[in-house]
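Please look over the sequence and the model first.

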Amino acid sequence: MSFILVTGGAGYIGSHVVKELLQKGYQPIVYDNLDTGHREAVREAPLIEGDLADGEKLRETFQTYSIKAVIHFAASCLVEESVEHPLKYFKNNLSNSIQLLEVMEEFQVNQIVFSSSAAVYGEPLEIPISEEHPSAPTNPYGETKWMFEQILQRSSKAGRVRYISLRYFNAAGADPEGDLGEDHSPETHLIPLVLRAAFFGKPISIFGTDYDTPDGTCIRDYIHVTDLAHGHLLALQRLESGRDSGIYNLGNGKGFSVREVIQVAERVTGEKINILESPRRPGDPSCLIASSEKIRKELGWRPRYPELERMIQTAWNWHRSQFKAMSRMPD
Ligand code: UFG
């Protein structure tokens, strides 16, 4: 039996991908240090609690399981933290990822799907952003994602690896069956914070109301996490079919402002959400919208849940069940 190693498979996007893999008849194994991931998010796949920095454990995993491909999520992913602690990011996201490639090479595993980010583009020069848009990341997080893409490109040119890098825009929503959802601590993302505000009756801060956008707030391209997960399956299948490596955006090609997200959340939850107009968050681009034409054309990707309302509804279903079990708003 061959396995798909999913590093960071106990995290938000990783756990949804594991579910999708199982549904499609693959055998995932999760490798996660549970620093930000959750044991409960891994139900039917073996979980190896390990860090990518632990070369011995990683080798042992490759020795124990016959691994045919890797989907690599494990990373630190807080933009602000990356500015304050750049070394943590270069170590976790770059050195550890290089070690993963080395071990893959030792065990002759040469297929990898990499979790990249819209953060590789930095401040966009044009909208929508295609894969040809120049990369000028504005923070260490984005830099580590971009640098690892360069490493993959070089390694692939040398015939060492075949890869697909997926540049996500704003992942949102939760498993429509209610099994999985987004659980970060601390939480920094807009939609989960808006839903907390709705449930606990606390205000949500809008970071910046003076952007050059129709309502003055930042615009983002939200993509349902299940649609993201499906993109990984298509990427894996492409590698399995022996075709070329490549880089693909994953977004819906439609932008929503922070105020629009709050309005949709009010409709979904039936709650009035109080807002606090706050200063800009450093480093936030005013508008990020993807062109996902390439992945549509080359991999046949189509979103099943492109409506923001559906993303927020699935997130609300999951968050509400979590909030009900809490006596106060989480930090
Ligand atoms: N926002 C608020 N209030 C909040 C939280 C967020 O107004 O309490 C705003 C942000 O300023 C931003 C938008 O809501 O304009 C979305 O913010 P998120 O933090 O949800 O998402 P980001 O667009 O900042 O981050 C996403 C990914 C990151 C990735 C980054 C790249 O989640 O992993 O895009 O730019 F690095």
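## Cysteines

Is C77 buried, exposed or partly exposed? C77 counts as partly exposed because its relative accessibility is 43%, where buried means under 20% relative accessible area, exposed over 50%, and partly exposed in between (1.4 Å probe, protein chains only). C218, at 5% relative accessibility, counts as buried.

A disulfide is taken as a pair of cysteine sulfur atoms within 2.5 Å, and by this rule the count is 0. The closest cysteine sulfur to that of C77 belongs to C218 and lies 19 Å away, too far for a bond. C218 is in no disulfide either; its nearest cysteine sulfur, in C287, is at 8.8 Å.

## Basis of the values

The model is predicted: local features need pLDDT of at least 70, side-chain atom pairs count only at pLDDT 80 or more, and totals for chains, interfaces and linings use all residues. Residues are numbered from 1 along each chain as its sequence is written, and side-chain values use heavy atoms, with hydrogens and water left out.

## Helix 1

Helices (H or I, at least four residues) and strands (E, at least two) are DSSP runs, numbered from the N terminus. Helix 1 spans residues 12–23, 12 residues in total. From first to last C-alpha it reaches 17 Å, close to the expected 16 Å, which is 1.5 Å times one less than the number of residues. G25, with a positive phi near 85°, follows helix 1.

Because 10 of its 12 residues are buried, helix 1 is largely enclosed by the rest of the structure. Among the buried residues are Y12, I13, V17, V18 and L21. Their cover includes strand 1 (3–7), strand 4 (67–72) and helix 7 (225–240), with contact meaning heavy atoms within 4.5 Å.
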